[in-house]
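Please look over the sequence and the model before reading on.

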Amino acid sequence: MILNNDLVSYDIGPVTYSVSRIIDSKYGLKSFSSNSVKVIFDKIRTPLEIDTIIPFTVKATLRAYYESDNSPAASGILMIGDYKLYSEKDQPGTYLISYPEILPVTRLTGRFMVEGFNEIKIDKTIAHMGNIIIYLTAITTISALIIHKITVSKKPKTITCPRCGSTHYIGIKIAPNVWEYECQSCGKRWYVNK
Ligand SMILES: [Zn+2]
């Protein structure tokens, strides 16, 4: 029995099969009629969108559809680790994924399965923008604090009279940690612990 079309097709779309010839030596068949069978060779597309704007959270949307007519592939199962995800009821062919992430980069791996089709591997790694912003902000803030502390601690302490602001004074150590100052301009006395 010989078919009028190849059984393996690499093109997407319908192919009609009918029997084109029967080679028979046993029964001496001279004529035949053939029912044609229409077969659609199809492929499933699974574009994946990953949203990483919210810190420490990954929200991903997989939209599965048949390439032949763009109709949604709603009967699939998306496996993320041991979790089985099914198509959203109000959005057929849409599979929603959400998981926590603390790293500045996230990798989403899974498998998408539809009966009669080869399993589709899902593997996407992208930068987590929300986390990067949080970490950069934290690093910037910490750096600024460190720089501020260094600047403040290196700043020489200038003693001035608390009444008139003069820097002409006499200091006497009156206790292990206490100094007494006397302003030479206005006569004010004050104490400093150091
Ligand atoms: Zn003074």
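Gly110 has Ile122 of strand 13 as its bridge partner. Strand 13 (residues 120-127) runs antiparallel to strand 12 (residues 105-113), and eight bridges join them. Strands pair if DSSP finds at least two bridges between them. Strands here are DSSP runs of E with at least two residues, helices are runs of H or I with at least four, and both are numbered from the N terminus. The model is predicted: local features need pLDDT of at least 70, side-chain atom pairs count only at pLDDT 80 or more, and totals for chains, interfaces and linings use all residues. Residues are numbered from 1 along each chain as its sequence is written.

Six residues lie between the strands in the hairpin of strand 12 and strand 13, where Gly116 takes a positive phi near 90°.

The protein chain holds one helix and 16 strands. A residue is buried if 20 or more other C-beta atoms, placed from the backbone, lie within 10 Å of its own, exposed if 12 or fewer do, and partly exposed in between. The burial figures are set out below.

| Part | Residues | Buried |
|---|---|---|
| Protein chain | 194 residues | 9% |
| Strand 13 | eight residues | zero residues |

The largest nonpolar core has eight residues: Val58, Ala60, Leu62, Ala64, Ala73, Leu78, Tyr95 and Phe112. Its largest share, three residues, comes from strand 7 (residues 57-63). Such a core is a set of buried Ala, Val, Leu, Ile, Met, Phe, Trp, Tyr and Cys residues joined through C-beta atoms within 7 Å. Beyond its neighbours within four places in sequence, Tyr95 is in contact (C-beta atoms within 7 Å) with Leu62, Ala64, Leu78, Leu85 and Ser87.

Strand 15 (residues 178-183) and strand 16 run antiparallel and are joined by five bridges. Glu182 has Arg189 in strand 16 as its bridge partner.

Methods. Contact = placed C-beta atoms within 7 Å.
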